[in-house]
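Dear colleague,

I am passing on the structure that we spoke about, and my notes on it follow below.

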Amino acid sequence: MAFDKMELRDIEVWDGNFAAAQALRQCQIDVVSAYPITPSTPIVEGYSKFLADNYIEGEFVMVESEHAAMSGCIGASAAGGRVATATSSQGFALMVETLYQASGMRLPIILNVVNRALAAPLNVNGDHGDMYLGRDSGWIQLDAYSPQEAYDLNFIAFRVAEDHEIRLPAMVHQDGFMTSHTAQGVHTMDDDTAYSFVGDFKPMNDMLDFEHPVTHGVQTEEDWHYEHKARQHNDLMTKVPTKIEEAFAAFEKLTGRKYNQVEKYDMDDADVAVVCMGTSVETAREVASEMREKGIKAGVVGLRVVRPFPFMEIAAALKDIKAIAALDRSSPNGAAGMLFNEIAGALFNTDSKALLTGYVYGLGGRDLTKKHLTDLYTELQANVDAGKVLTPLQQFIGVRGPKLAFL
Amino acid sequence: MSEMKKIKNLKEFSTSADRFEGANLLCPGCAHSIIVREVLNATNDDLVLAASTGCLEVCTAVYPYTSWDASWVHIGFENGSTAVAGAEAMYKALKTKGRLKQPDRNPKFVAFGGDGASYDIGFQWISGCMERGHNMMYVVLDNEVYANTGGQRSSSTPIGANATTSPAGRVSYGETKNKKDIVAIMAAHNIPYAAQVAPNKWKDMVKKIQHGMAVDGPVFINAVSPCTTEWKFDPKDTMHLTDLATDTLVFPLYEIIDGHELNITYRPKNVIPVEEYLAAQGRFKHLFKDQYKYLIKEWQERVDANWAYLNRREEARV
């Protein structure tokens, strides 16, 4: 029984979850192995409904935990076909062991991560704790700021991950609830156009090719483990960025929608800049425009590719900036934030004289308001005017009680 | 269509197509390789195999070598079952979509795991696979101990065994808990076939593996695998220990069809006292001290009771 195509309007009103589910449908996944968790559940619910309505051919395996979900994805991917799933937060944490196994086994699985805080205390709302937990796992990590981007980046992810020169899994992140449950206009591709962008799955070392038996998931000790890990890192550092750029260019040609590893807004003549991810980018852009009306040359940098970290692109984007704020939506728990550290590393040894400060915000879904960002830009400008950092290097924004600041 | 392999005698069986190579790092006298070979040799069909982390895995796939001349995957300690379930799902998907490279084949999906991987850490994953009805076989290589990590107790370790985390000592007789009845638990998922097998009874084993591969749905096999290193016996005595396990009825051979129909498949002509099984292994040595001899009697009573229970279930046909 062949599956049916779905007629889409040019612009549909979809939330981030449904946009991701539609992208998975259009990519014609062979196996989805999944377990539900708020706020990502509607992605796999949407997928299973497509299956129930004959808009998909393939297997949907509803397993008993997120660890099993990714385990099933790994087995399915090693067998030789297109594989995807979705999760959030605790489910992501339970998957962590298998995330490293998937990437080390070089299996191009796509994982939609609807970002949510990590317990304790238990919390269902969006922050980037889960995304940060995955940052050393050897996966490609793309960050969507809106339902449109959650849709688009899935196609980019499959195209890059499944490339035989890459063969690495990829995560597509979106903010829990703020993106996943907020309906917006999404420009769609028709089914044939969308599928043509990712193309047919081309198996490699597939277990279902019985003429060429293959052993997946071997043991290596001090003799070979290092080389495997080093080569995986090498491919992330040297091959993946090029493939991502190529995919972005091809996608722009197809749809007119342009993506960059580092997204820049009002950065051409900016003195002060905020670097952030997810839905905060849009808020920061709005506030930056308002700051410009007040005479502060404010800009925004959004990180689109979290891993591999676009070290050079970040350095280039911030080259002439006088004061930079790195906004981390995950508690560093005893260190500077990830973005603060990565940006510091990217700018160190360059000619940049930028004053860099770090801000932690929005944990467990706490709002980042325009007032927060207005105050923040004002602090950055004050640093510029004084020629030095006047505040602590790490501040917590929007937390109740006495102001929390460190370093 | 699946071809039922005909096997005439042990010599033919032992030289039958080797998809598991003799070149591996398992201990001399390890029963794992014997069991794996017996399972694989029961069919001529293509195989998709998985192993959970454990002795079998670390001894057969050390890069850049492999002992497997068949598709094989290892992910982690707990998820060998789900690895094969995922592959089986992909097989179904590609069959539906007409994308199988060799569409005329009839592959079998088999996962191996030790008792640690199966009774303990991977228990939930196996349960999930059995419940979901994947067309797969899960085989436990049951050596009643975490052998790969050096002899810690698992929930398969029997009462009185000396294990490194339940050591016998001045005031301890070793493991204090009874062995988990995993076959009954898995059969309770109402799967089409569950069975206990032993490598010494190879005809019984082949019959069961072939039955398991012929049925549609999940199959669970528990295979006793005497461990020369942790049970502490001479490597040349592996088959003798297996004979003792089956003929003392410590490890009875039976099958459970559709979750309820129990058939005893091997009735020893001469039932050997359990004491002889215990005496043959260093792990039970301390039970022969005066202070613990009562445990040997309890062992015999437990084995007798279990045998009576299995017989009652077989008679009742429920």
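In chain B, of the contacts between residues at least 6 apart in sequence, 70% join residues at least 24 apart, where two residues are in contact if their C-beta atoms, placed from the backbone, lie within 7 Å. Please bear in mind that this is a predicted model, in which local features need pLDDT of at least 70 and side-chain atom pairs count only at pLDDT 80 or more, while totals for chains, interfaces and linings use all residues. Residues are numbered from 1 along each chain as its sequence is written, and chains are lettered from A and ligands numbered from 1 in the order in which they are written.

Chain B holds twelve helices and ten strands (DSSP runs numbered from the N terminus, helices being H or I of at least four residues and strands E of at least two). Of its 318 residues, 52% count as buried, that is, with 20 or more other C-beta atoms, placed from the backbone, within 10 Å of their own.

As for the contact between the chains, 39 residues come from chain A and 41 residues from chain B. On the side of chain A that touches chain B, the largest share, ten residues, comes from helix 3 of chain A.

Strand 9 of chain A and strand 2 (residues 71-73) of chain B pair in the parallel sense over two bridges, pairing being counted if DSSP finds at least two bridges between two strands. Here A:His216 stands opposite B:Val73 in strand 2 of chain B.

With best wishes

Technical notes:
A residue is buried if 20 or more other C-beta atoms lie within 10 Å of its own, exposed if 12 or fewer, and partly exposed in between; C-beta atoms are placed from the backbone.
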